[in-house]
Amino acid sequence: MATRPLDLLQGTLDVLVLRTLTWGPMHGYAVSRSIRQRTDGVIDIEDAPLYKALHRLEHAGFIAAEWGLSENNRKARYYELTAAGRRHLRAEEAVWRQYAAAVFKVLEPT
Amino acid sequence: MRPPRRRFFRLPWRTRRQIRADLETELSFHLDMRVEALVALGLSPDAARAQALREFGDIDDARRYIGAVDTDTEAAQRRSEYMSDLWQDITYAARKLRATPAFTAAAIVTLALGIGANTAIFSVVDHVLLQAPPFPPANRLVRLRFTQQGHGDVATPMDIVDYPTQAKDFVGFSIIDSWTANVVLENGDAEQVRGVQVGANLFDLLRIKPLHGRFFREGEDKAGASNVVVLSEQLWRRDFGGDESAIGKTVRINARSFTIIGVVPAEQRYPFTAEAWTPRVFTAQELSDDSRGARWMSVLGRVKDDVSIDAANTEVRLISQSMEHRFPETYRERRAQILSVQEFTVGDLKKPLYIILTAVVLVLLIACANVANLLLVRASARETEMAIRSALGAGRGRLVRQLMTESVMLSVVGAAIGIGLAKLGMTVLLGHVPPGLVLVQRASIDSRTLAATTLVALAAGLLFGTLPAMQVAGRGVADALRGGGRGAQGKAITGRAKRAIVIGELALAVTLLSGAGLLLRSFNRLMAVDPGFRTESVLSMKMALPQSKYDSTGHRIFVRQLLERAAAVPGVGSVAMTNFVPLDGGGYGFTFNVRGRTYARPSDEPDAEVRQVTPAFFNTMGVPIVRGRGIQDGDAPGAPTVYLVNQTFVKRFFPTENPIGQFIRLGWGGDPNEPYCEIVGVVGDVHGEGLGDAPLPTVYASLAQHPFSSLTLLVRTSASPASLATPLRSIVHDLDREVPVFSVQTMAERVASSVGRQRFYTTLVALFAAVALVLAAVGLYGVIAYAVSQRTHELGIRVALGATSQRISTMVIREGLALTAVGAGLGIVAALAAGSVVASLLFGVTPRDPITLTGVVVVLAAVAMVASWLPARRAARVDPLVAMRGE
């Protein structure tokens, strides 16, 4: 068990955000909570880079944003995966799995 | 909950400030949610906020970063959305236009006709009227125009002495004396070209440079100078193969040798059709006061650049007044004024061209009106579609843009076909240009014209295409939807607009039709005129004997040999020669006096046209000898000179006396000792100047007694006249190959070409009138058909209540005829008002000719009947059940 949260690897956050949004449209806060819960606090995620990632992905056309009403009836910005985002996620996922597998192969005792 | 998706509904574009505000909203939502959650876990609000901010990280950095990214995103989206909207508009418009092929075809054909005709005609007019001649500054190059006692006059050799010495406002003047040049080529063949004898300074006044060689030097127009000639680029290329070595060669012209010194660029010839220029060398006798009465030339001048045209005009007028003062008899009421070269050349072309231009602009107007109407009809039919799109979030701008796209697409396709039509039209047009309209033949399609015309059509399409969109958007979505395409107020407005447009179209068509009708009737009248001579089976052939080579004996021998040999050609009935053939534009006249009558002043002496003929002339031409005898073989040198006169001459000068046996003295060469000669016969009148012009008093003399170098051989034949051309030509060639033969035509062809201009104008205007009529009929049909389709419900009720189909169709036709009546009324008023414009082009018909106007109304009524009957038939077949259920 790690005592200190790990730093985020470059590009990892984008994949995490896209993956999170496959659950459906959600606002930034929900994305933030969801990622934290699913990583069990192992990875240290600040919200500032998260929001930067959301807007960057919007600019790239991988996600689309729209204003909507939150669960408690407040105006919130919802993000939704676009078709291009879905394709991008699939590609990134494959790269990630290969990468992880390669790392595991090295770490695995022979 | 699912938020709305941006792709389908568009929010307004965000400014930089809005982007920042949105970001703050988003961030504060996040922090608030986090604070609430932490407070719920038991933290104090302050501690909760502190933790939320800590978890967030560098919030200012995020603000800067996100602000920049979002601004960029926004711009990119704006661009892509615009492009996709445009593409959407185009594909949508194409789909919509394909879905209504009748409308699309009608609109495109209408536009193509309007644009095509307009471009073709405008190119011609632009070329002739609007483009300055290539001698800048063109308005400073002027011709002197003389009038005497209200009649047009020309220049005497002394004018080229008087004006240059007295005028201070001019750079200079040059004489222009037309000169028939028989150029003998190296292979010995002769060619007759349009030559001109000019002052040595002509080309300096024109301010042009020779293509090769040089132009005249000072003094080359003085007696004693050697013979030099300047050729046109055309002649130089045609006859000298464009070889520069032609410069310096000698060429035989009118049996004299000339040295070729230069070549004039093709487009800079002046006079515009000249081929050879040579200096005019005046004799001492010509440059004396005796020649002030002899007038046959013209004068070109250039006004100094720093002098106003008005001042120059005043100066020449004052000079002409002072000359009258010095020579009150000869120059009685003789005035000079200046006229720009362009004005001078275009002169009598101007009016017909402007009339044709007006006709074509009317056609374009009608075409635009038609397209406008079609678009309006279409827009009304699409009100529901527009309302639905508006309700789904399409803004007014978006709807306008959509309709604009359709209009532009129509205009572009119409214009493309129009260009094709214009090209075709120009070819046909130029193929039928009568020979007199030389300038027109140089015209070619003009891109500026095309652009201008297309813009007009485009503007019309845009204007009327977007009007309905404004209306729909203005009325509001709910109203339009509720209206469901029926009975709303906006409809009444478009309905009125449509009716007004159709009435306007019909009125324009009537105006054009009356113009065309008048021209057609006038042309028929003209063609019905008996020319006074036989036109069928007479062949005419012009030739010119070089004066220096043929003295009067040689001339007589040539004529006798030619007549003998021509008579021997199989198929030839009779042969004659004359100096000026009727309807050919040539001819001259002299003053004369009758023995026993006294005239107070020399200027009171009457004048008559004079023609020289051989004995068989009257027989060959079918001109009757009314009294006395004709010219006989015995009327030769040595025998007393005899004259024949025509009936007009008798009516004018011997209304009560017997002309036969009277003696008259013609001023042949201004010799006061010319003998009085007897009138021995009276012959029928011949329309020699033009079918539309009254015959002039004419004296016929014997060619043998008065030889003339320019000759026309006339041959009457039972065979096809054209088949004689070759044998006759070779006879002349055998007699003397230096005698050029030209203008071989039957008399029927001469009659036809004498009315070539009228035929040309008439055909054009008639063509435009026909197009206008068709377009107006289509417009009327469109409006009535649309009205019927809108009233299906009402008509159904009428049928259900017992209206017969007869009655329904009468009602519909009556509506069409009511529109037609108003349009025709307005059109007739316009036609009457415009009548004076065409009056000068008419012959034997007044501009208010009731038969023409009645005919126009009848034609229009018939066309209107058909245009309203078609929709009426549909209205009459309305099934009440279907009609009422259909709503």
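Reader: How many bridges join strand 12 of chain B to strand 22 of chain B?

Author: The model is predicted. Strand 12 covers residues 538–544 and strand 22 covers residues 741–746 of chain B. In one of the pairs, B:S540 has B:Q745 of strand 22 as its bridge partner. The two strands run antiparallel, and the number of bridges joining them is four.

Reader: How many bridges join strand 12 of chain B to strand 21 of chain B?

Author: Strand 21 of chain B spans residues 710–717 and runs antiparallel to strand 12. Within strand 21, B:L713 stands opposite B:M541. The number of bridges between strand 12 and strand 21 of chain B is seven.

Reader: Is strand 12 of chain B largely enclosed by the rest of the structure or largely open, and how many of its residues are buried?

Author: A residue counts as buried if 20 or more other C-beta atoms lie within 10 Å of its own. Strand 12 of chain B has seven residues, and it is largely enclosed by the rest of the structure because the number of buried ones is six.

Reader: Why do the buried residues of helix 20 of chain B lie on the same side of it?

Author: Helix 20 spans residues 747–754 of chain B, and its buried residues are B:M747, B:V751 and B:S754. They lie on the same side of helix 20 because the arc they cover around the axis is only 65°.

Reader: Which elements do the buried residues of helix 20 of chain B pack against?

Author: Those residues are B:M747, B:V751 and B:S754. Their packing partners, all in chain B, are strand 12, strand 22 and helix 21 (756–790).

Reader: Is B:I247 buried, exposed or partly exposed?

Author: B:I247 lies in the loop between helix 7 (233–240) and strand 7 (250–253) of chain B. It touches B:H212, B:G213, B:I260, B:I261 and B:G262, leaving aside residues up to four places away in sequence. A buried residue needs 20 or more other C-beta atoms within 10 Å, and an exposed one has 12 or fewer. B:I247 has 18, so it is partly exposed.

Reader: Which element gives the largest share of the side of chain B that touches chain A?

Author: The contact takes 25 residues from chain B and 22 residues from chain A. Helix 1 (16–40), helix 2 (45–56) and helix 3 (59–99) of chain B each give two or more residues to that side. The largest share, nine residues, comes from helix 3 of chain B.

Reader: How are helix 3 of chain A and helix 3 of chain B oriented to each other?

Author: Their axes are 9 Å apart and meet at an angle of about 5°. Angles under 35 degrees count as roughly parallel. The two helices are therefore roughly parallel.

Note on methods. Residues numbered from 1 in each chain as written. Chains lettered and ligands numbered in written order. Predicted model: local features only at pLDDT ≥ 70, side-chain atom pairs only at ≥ 80, totals over all residues. Contact = placed C-beta atoms within 7 Å. Arc of directions from axis to C-beta. Axes fitted to C-alpha atoms, helices over the stretch in contact; angles between N-to-C directions. Parallel < 35°, antiparallel > 145°, perpendicular 65-115°, else oblique. Pairing = 2+ DSSP bridges.
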